[in-house]
Amino acid sequence: MKTQIEIMRGDITQMAVDAIVNAANTTLLGGGGVDGAIHRAAGPELVAECAGLGGCETGDARITGGYRLAARHVIHTVGPVWRGGAKGEPDLLRSAYRRCFEVAAENGLASIAFPAISCGVYGYPMRDAALIALSAARETTGHNPELERVIFVLYNDEAAQTYRDAAAALKMELG
Ligand code: AR6
(Lines give C-alpha, C1' and ligand atoms only; values in the text may rest on other atoms or scores of the structure.)
Protein backbone atom coordinates (compact mmCIF):
# COMPACT_ATOMS: atom_id res chain seq x y z
CA MET A 1 0.00 0.00 0.00
CA LYS A 2 1.19 3.49 -0.83
CA THR A 3 2.00 5.74 2.11
CA GLN A 4 -0.39 8.70 2.26
CA ILE A 5 1.23 12.06 2.99
CA GLU A 6 -0.99 14.72 4.60
CA ILE A 7 -0.56 18.34 5.66
CA MET A 8 -2.82 19.90 8.29
CA ARG A 9 -2.98 22.77 10.72
CA GLY A 10 -3.33 21.61 14.31
CA ASP A 11 -1.86 20.78 17.69
CA ILE A 12 0.36 17.72 17.46
CA THR A 13 -0.23 16.81 21.12
CA GLN A 14 -3.84 15.91 20.18
CA MET A 15 -2.99 13.48 17.38
CA ALA A 16 -4.19 9.88 17.77
CA VAL A 17 -1.47 8.19 15.75
CA ASP A 18 1.11 5.46 16.38
CA ALA A 19 3.78 8.11 17.03
CA ILE A 20 4.12 11.85 17.22
CA VAL A 21 7.56 13.30 16.68
CA ASN A 22 9.03 15.66 19.25
CA ALA A 23 11.42 18.45 18.22
CA ALA A 24 13.63 17.89 21.25
CA ASN A 25 17.14 18.97 22.28
CA THR A 26 20.14 16.70 22.86
CA THR A 27 19.36 16.24 26.57
CA LEU A 28 15.85 14.84 25.83
CA LEU A 29 14.84 16.30 29.17
CA GLY A 30 12.23 18.74 27.87
CA GLY A 31 12.19 22.39 26.89
CA GLY A 32 9.88 24.99 25.37
CA GLY A 33 7.85 24.98 22.16
CA VAL A 34 6.41 21.70 20.97
CA ASP A 35 8.75 19.79 23.33
CA GLY A 36 7.23 21.51 26.37
CA ALA A 37 3.70 20.98 25.05
CA ILE A 38 4.30 17.25 24.45
CA HIS A 39 5.81 16.71 27.91
CA ARG A 40 2.94 18.60 29.58
CA ALA A 41 0.35 16.53 27.74
CA ALA A 42 2.15 13.20 28.25
CA GLY A 43 2.75 13.68 31.99
CA PRO A 44 5.84 13.17 34.16
CA GLU A 45 6.34 9.53 33.15
CA LEU A 46 7.65 10.72 29.81
CA VAL A 47 10.58 12.70 31.20
CA ALA A 48 11.34 9.78 33.52
CA GLU A 49 11.69 7.42 30.52
CA CYS A 50 13.68 10.04 28.58
CA ALA A 51 16.11 10.40 31.48
CA GLY A 52 17.10 6.77 31.00
CA LEU A 53 18.00 7.25 27.33
CA GLY A 54 21.18 9.24 27.89
CA GLY A 55 20.39 11.99 25.39
CA CYS A 56 20.32 12.04 21.60
CA GLU A 57 22.71 13.49 19.01
CA THR A 58 21.57 16.13 16.55
CA GLY A 59 20.17 14.32 13.51
CA ASP A 60 19.32 11.15 15.46
CA ALA A 61 16.06 9.86 17.03
CA ARG A 62 14.82 7.82 20.02
CA ILE A 63 11.43 6.27 20.75
CA THR A 64 9.48 6.23 24.04
CA GLY A 65 5.94 5.52 25.16
CA GLY A 66 3.24 8.15 24.76
CA TYR A 67 1.84 7.87 28.32
CA ARG A 68 -1.17 10.25 28.65
CA LEU A 69 -1.07 11.25 24.98
CA ALA A 70 -3.49 9.84 22.43
CA ALA A 71 -0.38 8.79 20.48
CA ARG A 72 1.05 5.38 21.43
CA HIS A 73 4.65 6.55 21.13
CA VAL A 74 6.80 9.65 20.94
CA ILE A 75 9.79 9.68 18.61
CA HIS A 76 12.19 12.29 19.93
CA THR A 77 14.51 13.80 17.37
CA VAL A 78 16.95 16.69 17.49
CA GLY A 79 17.07 19.06 14.55
CA PRO A 80 19.95 21.47 13.92
CA VAL A 81 20.13 25.04 15.14
CA TRP A 82 20.08 27.31 12.05
CA ARG A 83 23.43 29.10 11.73
CA GLY A 84 23.03 30.48 8.20
CA GLY A 85 22.81 27.20 6.31
CA ALA A 86 26.48 26.48 5.60
CA LYS A 87 27.14 24.56 8.82
CA GLY A 88 25.63 21.26 7.71
CA GLU A 89 22.09 22.22 8.70
CA PRO A 90 20.33 20.65 5.65
CA ASP A 91 22.11 17.29 6.10
CA LEU A 92 21.37 17.26 9.82
CA LEU A 93 17.70 18.08 9.29
CA ARG A 94 17.39 15.38 6.58
CA SER A 95 19.07 12.94 8.95
CA ALA A 96 16.59 13.80 11.72
CA TYR A 97 13.65 12.99 9.42
CA ARG A 98 15.29 9.83 8.05
CA ARG A 99 16.07 8.51 11.51
CA CYS A 100 12.45 9.08 12.57
CA PHE A 101 11.28 7.01 9.60
CA GLU A 102 13.84 4.29 10.40
CA VAL A 103 12.69 4.13 14.01
CA ALA A 104 9.06 4.01 12.83
CA ALA A 105 9.92 1.09 10.52
CA GLU A 106 11.84 -0.77 13.25
CA ASN A 107 8.75 -0.54 15.44
CA GLY A 108 6.24 -1.45 12.73
CA LEU A 109 4.35 1.84 13.06
CA ALA A 110 1.54 2.63 10.60
CA SER A 111 1.08 6.35 11.28
CA ILE A 112 3.43 9.16 12.28
CA ALA A 113 2.87 12.89 12.78
CA PHE A 114 5.64 15.50 12.52
CA PRO A 115 5.88 19.10 13.66
CA ALA A 116 8.13 21.53 11.75
CA ILE A 117 11.38 20.32 13.32
CA SER A 118 13.92 23.14 13.90
CA CYS A 119 11.51 25.85 12.63
CA GLY A 120 10.80 27.46 16.01
CA VAL A 121 13.48 28.27 18.58
CA TYR A 122 16.14 26.72 16.31
CA GLY A 123 15.35 29.23 13.54
CA TYR A 124 15.38 27.02 10.41
CA PRO A 125 13.63 28.77 7.49
CA MET A 126 10.23 27.10 7.12
CA ARG A 127 10.20 26.80 3.32
CA ASP A 128 13.64 25.12 3.18
CA ALA A 129 12.73 22.82 6.06
CA ALA A 130 9.40 21.89 4.41
CA LEU A 131 11.20 20.80 1.23
CA ILE A 132 13.49 18.54 3.26
CA ALA A 133 10.64 17.14 5.40
CA LEU A 134 8.43 16.36 2.40
CA SER A 135 11.19 14.83 0.29
CA ALA A 136 12.26 12.63 3.22
CA ALA A 137 8.65 11.44 3.51
CA ARG A 138 8.46 10.72 -0.20
CA GLU A 139 11.76 8.81 -0.04
CA THR A 140 10.37 6.47 2.62
CA THR A 141 7.29 5.70 0.53
CA GLY A 142 7.75 2.30 -1.04
CA HIS A 143 10.48 1.31 1.43
CA ASN A 144 8.23 0.76 4.42
CA PRO A 145 5.08 -1.15 3.49
CA GLU A 146 3.73 -0.92 7.04
CA LEU A 147 3.66 2.88 7.05
CA GLU A 148 0.21 4.04 5.93
CA ARG A 149 0.10 7.71 6.93
CA VAL A 150 2.60 10.53 7.38
CA ILE A 151 0.97 13.69 8.71
CA PHE A 152 2.70 17.05 8.91
CA VAL A 153 0.96 19.01 11.67
CA LEU A 154 1.62 22.73 11.47
CA TYR A 155 0.77 25.13 14.22
CA ASN A 156 -0.66 27.95 12.07
CA ASP A 157 -2.21 28.55 8.66
CA GLU A 158 0.89 30.25 7.26
CA ALA A 159 3.10 27.27 8.05
CA ALA A 160 0.54 24.85 6.61
CA GLN A 161 0.39 26.92 3.42
CA THR A 162 4.20 26.95 3.18
CA TYR A 163 4.15 23.14 3.37
CA ARG A 164 1.41 22.92 0.71
CA ASP A 165 3.40 25.23 -1.59
CA ALA A 166 6.54 23.14 -1.03
CA ALA A 167 4.58 19.95 -1.84
CA ALA A 168 3.36 21.57 -5.06
CA ALA A 169 6.92 22.58 -5.97
CA LEU A 170 7.99 18.94 -5.45
CA LYS A 171 4.98 17.77 -7.49
CA MET A 172 3.85 15.62 -4.59
CA GLU A 173 0.41 14.13 -4.35
CA LEU A 174 -1.17 14.74 -0.94
CA GLY A 175 -3.73 12.57 0.82
N1 AR6 B 1 1.76 21.37 17.64
C2 AR6 B 1 2.37 21.51 16.44
N3 AR6 B 1 3.39 22.36 16.24
C4 AR6 B 1 3.80 23.10 17.30
C5 AR6 B 1 3.23 23.01 18.58
C6 AR6 B 1 2.15 22.08 18.73
N7 AR6 B 1 1.55 21.91 19.90
N8 AR6 B 1 3.87 23.88 19.41
C9 AR6 B 1 4.82 24.50 18.68
N10 AR6 B 1 4.77 24.04 17.41
P11 AR6 B 1 10.11 24.46 18.44
P12 AR6 B 1 12.75 23.67 17.40
C13 AR6 B 1 5.62 24.41 16.25
O14 AR6 B 1 10.66 25.74 18.92
O15 AR6 B 1 12.84 24.87 16.54
C16 AR6 B 1 12.63 23.31 22.58
O17 AR6 B 1 12.87 24.10 23.69
C18 AR6 B 1 6.30 25.76 16.28
O19 AR6 B 1 5.39 26.79 15.87
O20 AR6 B 1 9.19 23.71 19.34
O21 AR6 B 1 13.14 22.32 16.81
C22 AR6 B 1 13.46 22.05 22.54
O23 AR6 B 1 13.70 21.55 23.83
C24 AR6 B 1 7.43 25.55 15.26
O25 AR6 B 1 6.96 25.76 13.93
O26 AR6 B 1 11.29 23.41 18.03
C27 AR6 B 1 14.71 22.51 21.88
O28 AR6 B 1 15.60 23.11 22.79
C29 AR6 B 1 7.76 24.06 15.42
O30 AR6 B 1 6.69 23.51 16.20
C31 AR6 B 1 14.24 23.53 20.90
O32 AR6 B 1 13.01 24.03 21.42
C33 AR6 B 1 9.07 23.76 16.09
O34 AR6 B 1 9.37 24.75 17.05
C35 AR6 B 1 13.96 22.93 19.56
O36 AR6 B 1 13.65 23.95 18.65
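Which residue with a positive phi follows helix 3? Notes below.

1. That residue is G108, with phi near 65°. Bear in mind that this is a predicted model, where local features need pLDDT of at least 70, side-chain atom pairs count only at pLDDT 80 or more, and totals for chains, interfaces and linings use all residues. Residues are numbered from 1 along each chain as its sequence is written, and side-chain values use heavy atoms, leaving out hydrogens and water.

2. Helix 3 covers residues 89-106 (helices are DSSP runs of H or I, at least four residues, and strands are runs of E, at least two, numbered from the N terminus).

3. Buried residues of helix 3 include L93, Y97 and F101 (buried is under 20% relative accessible area, exposed over 50%, partly exposed in between, with a 1.4 Å probe and protein chains only). The buried residues fall within an arc of 165° seen down the axis, so they line one face (the arc uses directions from the helix axis to the C-beta atoms). D91 and E106 are exposed on the face turned away from that side.

4. T3 sits in the segment before strand 1 (4-9). T3 counts as buried because its relative accessibility is 6%. Leaving aside residues up to four places away in sequence, T3 touches T141, N144, L147, E148, R149 and V150 (contact means heavy atoms within 4.5 Å).

Notes: The expected span of a helix is 1.5 Å times one less than its number of residues.
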